[in-house]
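Open the model in your viewer and keep the selection tool at hand. The stops below say what to select and what is there.

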Amino acid sequence: MTTIAAAAPATPLSLFERIRRPRPLLGLLLVMWVPLTIHVMFGPYMGETLRNAILLPAIPATLLLYVVAVVSWRESPIAVIGVTLVFFWLLMAVSAPFLPLVDPNKPLAPFAAPGIEKNGHYFLLGADFKGRDMLSRMLWGCQRVLVWGVTATLIAYVVGATLGLLAGYLGGWWDQGISFLSNVLLSFPVMVLFILILNYLGPSGFNIVIAVTFASAPAIMRIVRGLTLDTKSRDYIFAAQTRGEHPLRIMVYELLPNARGPIIVDACLRLGYTTVAITTLTFLGLGLQPPDPDWGLMIKESTKVAMLWRFSYMLLIPALCVSSLILGFNLMADGLREMSLRD
């Protein structure tokens with residue numbers, strides 16, 4: 001008599017393994033990012049209590065995402081350093097209203113040097129020429145840079161990836177028309193295109209999103225188009241076509257997931273480029289506008305007095321903040337590329 005061995009029960013997934021799945025990760029990202037975006041974009045139209053309360057769920061979500069990222073990428077020290085730099089500023093952005101900071105726009109003691117106490121307030125990083133606390137402006141300023149930079153890059157990727165999938169998969173006149181339009185936009189120097197668009201539309205965060213989309217989407221389109229052309233001849237694509245699946249479904253569920261590796265690496269690098277662009281445009285007076293603090297605005301205002309070594313901290317502090325965030329994005333991209341080559 002033959003005895004059939006009972007199948008071994010499936011080992012239940014740990015809580016950490018469940019969180020690492022795509023859907024829980026996407027949920028955590030939304031819990032972190034949506035409140036921060038609402039706080040920055042629509043905060044002026046909300047009461048202060050409600051404006052700050054919506055950020056409360058984002059703090060534990062940010063910390064949990066950081067732990068997941070470090071554990072998942074622990075094989076690459078470069079990626080861990082990069083994600084630590086990026087998540088430090090993300091944590092500062094979501095927790096700024098709850099930190100013991102003074103109003104970043106309140107004048108207290110003009111030209112107070114770092115480490116000096118004036119008018120009953122200790123200036124750890126000094127004050128600017130208007131007497132506003134540099135530490136407070138530095139931590140509050142990361143909110144606008146992160147929100148507008150990531151939002152602009154995300155929308156550019158949605159537009160660029162959609163056009164790249166259409167051009168690469170459908171081919172024919174779709175490919176010719178989209179490629180021609182992309183080549184026309186790529187023929188303009190990026191900064192010239194930014195300046196033209198913002199001069200026409202006016203300086204604001206929403207117009208920066210439009211400008212970054214016009215400037216970045218063509219390059220993203222070409223990357224996704226190339227990946228699509230390389231992938232659409234695979235057997236699983238032919239199998240999906242044989243089953244009669246709609247082309248849109250094939251593009252979204254078959255082609256796009258298999259191109260996500262190079263896209264994620266490029267996105268990390270592009271976030272750094274976008275941060276530089278937003279800071280530069282703000283310095284030129286075409287980006288984010290006062291009175292709310294912003295790193296590019298701090299650099300612009302400090303140029304009036306930073307030529308004197310005594311007041312150079314007003315320029316160095318925001319410049320180092322921008323550099324650390326860009327370095328974090330670049331190290332993340334290098335680490336992810338390194339891990340992909342190992343696989």
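Start with helix α2, residues 22–41, which supplies five residues, the largest share of a nonpolar surface patch. Helices here are DSSP runs of H or I with at least four residues, numbered from the N terminus. This is a predicted model, in which local features need pLDDT of at least 70, side-chain atom pairs count only at pLDDT 80 or more, and totals for chains, interfaces and linings use all residues. Residues are numbered from 1 along each chain as its sequence is written, and side-chain values use heavy atoms, without hydrogens and water.

Now select the patch itself: Leu26, Leu29, Leu30, Val34, Ile38, Phe42, Tyr45 and Phe206, together about 800 Å² of accessible area. Areas come from the Shrake-Rupley method with a 1.4 Å probe, and for residues only the protein chains shown count as cover. Nonpolar side chains (Val, Leu, Ile, Met, Phe, Trp, Tyr) are joined within 5 Å, like charges within 9 Å.

Zoom in on leucine 30, in helix α2.

Next, select serine 136 in helix α6, residues 134–170. Serine 136 is buried at 0%. Beyond neighbours within four places in sequence, serine 136 contacts Leu101, Val102, Asp103 and Pro104 (heavy atoms within 4.5 Å).

Last, look for disulfides (cysteine sulfur pairs within 2.5 Å): the whole structure has zero. The sulfur of cysteine 142 lies 8.2 Å from its nearest, that of cysteine 321, too far for a bond.

Technical notes. Patch = residues over 30% accessible without salt bridge, like charges linked within 9 Å, V, L, I, M, F, W, Y side chains within 5 Å. Salt bridge = Lys/Arg side-chain N within 4 Å of Asp/Glu carboxyl O. Helix = DSSP H or I, 4+ residues; strand = E, 2+ residues; numbered from the N terminus. Buried < 20%, exposed > 50% of the residue type's maximum accessible area, 1.4 Å probe, protein only.
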